Amino acid sequence: MRLDRFLAALEERYLVKNSYHNATHAADVLNTMLYWIRVKGFGGRAGLAAPEKLAALCAAAAHDVGHTGMANRFLVSAEMPLAMLFNDQSVLEN
């Protein structure tokens, strides 16, 4: 039940108006991460431990939460408040 709430909360935070960095993209990235862990062996004996797998899956699901669909350069050039907040340095990554 907690996993359902966590995933629902993530989905709510993705911006529906964003045509690419949205919940569907997050599900695709999550599925790709699961593929790399299961099929490509990153989860094998010499691979990731269980907590690392969980962290990788959570990061994949949440990696673009709140993404506006605008690039760093645009945010800086347009002097958007978010760019000002992070002093024009890696705006979307902070």
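**Briefing: helices and loops of a predicted model**

Trp 36 lies in helix α2. The model is predicted, so local features need pLDDT of at least 70, side-chain atom pairs count only at pLDDT 80 or more, and totals for chains, interfaces and linings use all residues. Residues are numbered from 1 along each chain as its sequence is written, and side-chain values use heavy atoms, with hydrogens and water left out. Helices here are DSSP runs (H or I, at least four residues), numbered from the N terminus.

**Trp 36 and Gly 41**

- Trp 36 has a relative accessible area of 37%, which makes it partly exposed. Buried means under 20% relative accessible area, exposed means over 50%, and partly exposed is in between (1.4 Å probe, protein chains only).
- Not counting residues up to four places away in sequence, Trp 36 touches Gly 41 and Phe 42. Contact means heavy atoms within 4.5 Å.
- Trp 36 and His 67 are 31 residues apart in sequence, and their C-alpha atoms are 24 Å apart in space.
- Gly 41 belongs to the loop between α2 and α3. With 39% relative accessibility, Gly 41 counts as partly exposed.
- Between the C-alpha atoms of Gly 41 and Ala 26 there are 22 Å, and the two residues are 15 residues apart along the chain.

**Helix α2**

- The end C-alpha atoms of α2 are 22 Å apart, which agrees with the 22 Å that its 16 residues should span at 1.5 Å a residue. The expected span of a helix is 1.5 Å times one less than its number of residues.
- Buried residues in α2 are His 25, Ala 26 and Ile 37. Seen down the axis of α2, the buried residues fall within an arc of 115°, so they line one face of the helix. The arc is that of the directions from the helix axis to the C-beta atoms.
- On the face of α2 turned away from its buried side are the exposed residues Thr 24, Asn 31 and Arg 38.
- The cover over the buried residues of α2 includes α3.
- His 25, which lies in α2, is buried with a relative accessible area of 12%. Leaving aside neighbours within four places in sequence, His 25 is in contact with Tyr 20, His 63 and Asp 64.

**Helix α3**

- Helix α3 covers residues 50–62, which is 13 residues, and reaches 18 Å from its first C-alpha to its last, close to the 18 Å expected at 1.5 Å a residue.
- Ala 56, Ala 60 and Ala 61 are the buried residues of α3. They cover an arc of only 130° around the axis, which puts them on the same side of α3.
- The exposed residues Pro 51 and Leu 54 are carried on the face of α3 turned away from its buried side.
- Both α1 (2–13) and α2 (23–38) are included in what covers the buried residues of α3.

**How α2 and α3 pack**

- The axes of α2 and α3 come within 7 Å and cross at roughly 155°. That makes α2 roughly antiparallel to α3.
- Axes are lines fitted to C-alpha atoms, for helices over the stretch in contact, and angles run from 0 to 180 degrees between N-to-C directions. Angles under 35 degrees count as roughly parallel, over 145 as roughly antiparallel, 65 to 115 as roughly perpendicular and the rest as oblique.
- The crossing of α2 and α3 is right-handed. A crossing is right-handed if the near helix is turned clockwise from the far one by less than a right angle, and left-handed if anticlockwise.
- From α2, the contact is made by Ala 26, Val 29, Leu 30, Met 33, Leu 34 and Ile 37. From α3, it is made by Lys 53, Ala 56, Leu 57, Ala 60 and Ala 61.

- The 12 residues of α1 should span 16 Å at 1.5 Å a residue, and its end C-alpha atoms are 17 Å apart, which agrees.
- Helix α1 is hardly covered, with a count of 1 buried residue among its 12 residues.
- Asn 18 is found in the loop between α1 and α2, and at 6% relative accessibility Asn 18 counts as buried.
- Apart from neighbours within four places in sequence, Asn 18 is in contact with His 67, Thr 68 and Gly 69.

**The loop between α4 and α5**

- Glu 79 lies in the loop between α4 (72–77) and α5 (81–85).
- Glu 79 is not a glycine, although its phi is positive at about 50°.
- Glu 79 is exposed, with a relative accessible area of 56%.

Conventions:
Helix = DSSP H or I, 4+ residues; strand = E, 2+ residues; numbered from the N terminus.
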